[in-house]
Amino acid sequence: SNKEIHMARRKPKGIINLEHEDVDVVLLKHHPRNVNTGDIDTIVESIERNGFFGNVIVNKRTSHILAGNHRVMAAKRLGFLKVPVTWIDVDEDEELRILLVDNRTARLGSDDTEALTALLEELAETDAGLIGTGYTDYDLDDLLLSLEEVDEEVEKMRWATKWGADT
């Protein structure tokens, strides 16, 4: 029945990682259908400041990078010979789904602007400043300005509510 098919599609697969190892970057293939255009310069800056952290996800069947295409490009630019890889074994359909969902789920999230601003202000005061965060001083200024604008709007609404209540 349709309900059984739907439920089968929703059954969690569990952990599909096979093994972890450092792999020569020349053996890894950038996925030809990756629709994401990463900011390699920002990733390079992050690796220079923070090191290469986390594993790249690669399909054992095709050697296609499913998560971490741009981190591998940045690592190559920096002269890395190997990167940490987690191998998975999936068919072509699953490969495309993982390729898409890796970036899509990050985009679906949102930042808590106040908390983000507080973190950036804290790091801006360190010797390294915002290097390696993916943010610039201009980004921090924009966030501060947006918070000021929100505060002004809230204050206007308070005054309007109070004024309206007095009439």
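**Group meeting: the sheet, its cores and its covering helices**

Let me begin inside the sheet: Ile-57 has Ala-67 of strand 4 as its bridge partner. Strands here, like helices, are DSSP runs numbered from the N terminus, with at least two residues of E for a strand and at least four of H or I for a helix. The model is a predicted one, in which local features need pLDDT of at least 70 and side-chain atom pairs count only at pLDDT 80 or more, while totals for chains, interfaces and linings use all residues. Residues are numbered from 1 along each chain as its sequence is written, and side-chain values use heavy atoms, with hydrogens and water left out.

Strand 3 and strand 4 are antiparallel partners, joined over two bridges; two strands count as paired if DSSP finds at least two bridges between them. They belong to an open, mixed sheet of five strands in the order 1-5-3-4-2. Strand 1 (17-24) and strand 2 (29-30) lie at the edges, each pairing on one side only. Overall, the chain contains six helices and five strands, and the pattern along the sequence reads α-β-β-α-β-β-α-β-α-α-α.

Asn-59, within strand 3 (residues 56-59), is buried, at a relative accessible area of 1%. Buried means under 20% relative accessible area, exposed over 50%, and partly exposed in between, with a 1.4 Å probe and protein chains only. Beyond residues up to four places away in sequence, Asn-59 touches His-64, Leu-66, Trp-87, Ile-88, Asp-89, Val-90, Asp-91 and Glu-95; contact means heavy atoms within 4.5 Å. Ser-63 sits in the loop between strand 3 and strand 4 (64-67) and is also buried, at 19%. The phi of Ser-63 is positive, near 65 degrees, in a residue other than glycine. Most residues other than glycine have a negative phi.

Now the cores. A nonpolar core is a set of buried Ala, Val, Leu, Ile, Met, Phe, Trp, Tyr and Cys residues joined through side-chain atoms within 4.5 Å. The largest has 17 residues, of which Leu-28, Val-56, Val-58, Val-83 and Val-85 touch the most other members. At least two residues of this core come from each of helix 2 (40-50), strand 3, helix 3 (69-77) and strand 5 (82-88), and helix 2 provides the largest share, four residues. A second, separate core of five residues includes Leu-116, Leu-130, Leu-140 and Leu-143. Returning to Val-85, its contacts outside four places in sequence are Glu-19, His-20, Glu-21, Val-23, Leu-28, Asn-55, Val-56 and Val-58.

Which residues of helix 3 are buried? They are Asn-69, His-70, Val-72, Ala-74 and Ala-75, and their cover includes strand 2, helix 2, strand 3, strand 4, strand 5 and helix 4. Gly-79, with a positive phi near 90 degrees, follows helix 3. Helix 4 (residues 92-108) lies across strand 3, strand 4 and strand 5, at about 45 degrees to strand 4; axes are lines fitted to C-alpha atoms, for helices over the stretch in contact, and angles run from 0 to 180 degrees between N-to-C directions.

Finally, the whole chain. Of its 167 residues, 26% count as buried. Among contacts with a separation of 6 or more, 79% join residues 24 or more positions apart. The chain exposes about 12100 Å², with carbon and sulfur atoms supplying 53% of it; accessible areas come from the Shrake-Rupley method with a 1.4 Å probe, and for residues only the protein chains shown count as cover.
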